Amino acid sequence: MSVEEAVPVTPRRRPAGDPVKTLLHRHRALCERAVDPLEIAAGLEAHGLTDRTAARFRHRDVFSLAEELYARTPRGEAPPGPARPARTAAPRALRRLGYALLPGALALGVSAAGVAWAGPVAVAAVVAALVRPGRTAGGRFPGLAHLLAALTVGWATYRHGAVLAVALALTVLPGYLAAAGYAALARRRLAGSRALEEFAAGARPLFLGVLTLFTTAAAGAAALAGAPLAEAVPLAVLLFLTRLLLSHGARGAHRRSVAAALVLALIPAAAAAAAAGLLVLAVLALSRASAHAPVRDDRP
């Protein structure tokens with residue numbers, strides 16, 4: 001027997017593959033579109049990756065995995081295009097603040113004038129205020145939620161009078177300020193977090209604190225307008241939660257839950273139950289990093 005036959009041939013072991021490269025190919029569009037690693041981390045979480053899953057890719061958490069994906073994503077030089085005038089955030093913020101002031105001012109004006117159509121005008125002002133902040137990162141404001149919000153507020157105004165619509169219109173401004181402040185604080189917390197669980201643990205009390213401030217403002221608006229607190233406050237909270245969920249990219253099951261809550265609020269004395277149900281959903285949905293991904297806003 002020859003030496004070659006006596007010595008067993010050991011199959012050559014292949015080197016372990018590159019799991020991060022596989023993930024990069026799977027989420028190439030997300031990685032190429034991202035402006036920073038935080039956007040990739042939020043996108044990975046939206047696709048179901050967790051800190052525990054990141055260990056399979058040899059990373060301690062989703063954030064460090066996102067940093068590697070961002071660093072390994074090729075970014076060629078973009079072809080030169082027409083120069084765009086530089087814009088600052090201040091004019092946009094001022095315009096949006098003006099949009100938030102309009103519903104309350106309009107509702108108070110027509111109510112003080114004693115016109116017969118004060119209620120419909122106030123309802124239209126309230127629902128129209130949802131349109132602009134309702135633009136999501138993934139698409140346009142869903143028309144069904146817009147229609148259901150109009151029906152809910154209109155039906156409540158029909159039952160309780162124009163003062164209810166005026167009270168809701170007065171909550172648009174504090175709702176805008178609360179939502180803008182919450183978004184900024186949540187993004188700051190996201191930037192300082194190193195794990196998804198860490199972000200969620202801090203995001204929940206932040207959200208509940210902002211909601212408490214808004215609820216207090218809604219109660220003050222109802223008292224100012226002379227509307228019944230038991231009707232005005234739950235409806236205001238319901239509309240505020242709808243605004244937050246839609247403006248933070250709610251889609252699929254979350255949008256269906258928003259629609260279901262608005263339908264439930266059409267039932268007399270059911271607005272509080274609808275708001276409570278949507279609150280549970282909001283606590284869970286807005287505790288996710290993907291709800292606060294940096295979004296490039298090219299609107300004027």
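His-27 counts as buried, because its relative accessibility is 9%, under the 20% cut-off. The model is predicted.

**His-27**
- His-27 sits in a loop. That loop runs between helix H2 (19–26) and helix H3 (28–33).
- Beyond its neighbours within four places in sequence, His-27 touches Leu-44 and His-47.

**Helix H11**
- Helix H11 covers residues 172–192, 21 residues in total.
- From first C-alpha to last, H11 reaches 30 Å. This is close to the 30 Å expected at 1.5 Å a residue.
- The buried residues of H11 are Val-172, Gly-175, Tyr-176, Ala-178, Ala-179, Tyr-182, Ala-183, Ala-186 and Leu-190.
- Viewed down the axis of H11, these buried residues fall within an arc of 165°, so they line one face of the helix.
- Arg-188, Ala-191 and Gly-192 are exposed on the other side of H11.

**Second largest pocket**
- The volume of the second largest pocket is about 160 Å³.
- Its lining consists of Glu-45, Gly-48, Leu-49, Thr-50, Leu-196, Glu-197, Ala-200, Arg-204, Ser-287 and Arg-288.
- Helix H12 (residues 196–225) supplies the largest share of this lining, with 4 residues.
- Sorted by class, the lining of the second largest pocket holds 4 charged, 3 polar and 3 nonpolar residues.

Conventions: Residues are numbered from 1 along each chain as its sequence is written. This is a predicted model: local features need pLDDT of at least 70, side-chain atom pairs count only at pLDDT 80 or more; totals for chains, interfaces and linings use all residues. Side-chain values use heavy atoms; hydrogens and water are left out. On a 1 Å grid over the protein atoms alone, a cavity is a set of points where a 1.4 Å probe fits but cannot get out, and a pocket is an open set with protein on both sides within 12 Å along at least five of seven lines; lining residues have an atom within 4 Å of a point. Grid points are joined across faces, edges and corners, and a volume is the space filled by probe spheres set on the points. Helices (H or I, at least four residues) and strands (E, at least two) are DSSP runs, numbered from the N terminus. Ala, Val, Leu, Ile, Met, Phe, Trp, Tyr, Cys and Pro count as nonpolar, Asp, Glu, Lys and Arg as charged, and the others, Gly among them, as polar. Buried means under 20% relative accessible area, exposed over 50%, partly exposed in between (1.4 Å probe, protein chains only). Contact means heavy atoms within 4.5 Å. The expected span of a helix is 1.5 Å times one less than its number of residues. The arc is that of the directions from the helix axis to the C-beta atoms.
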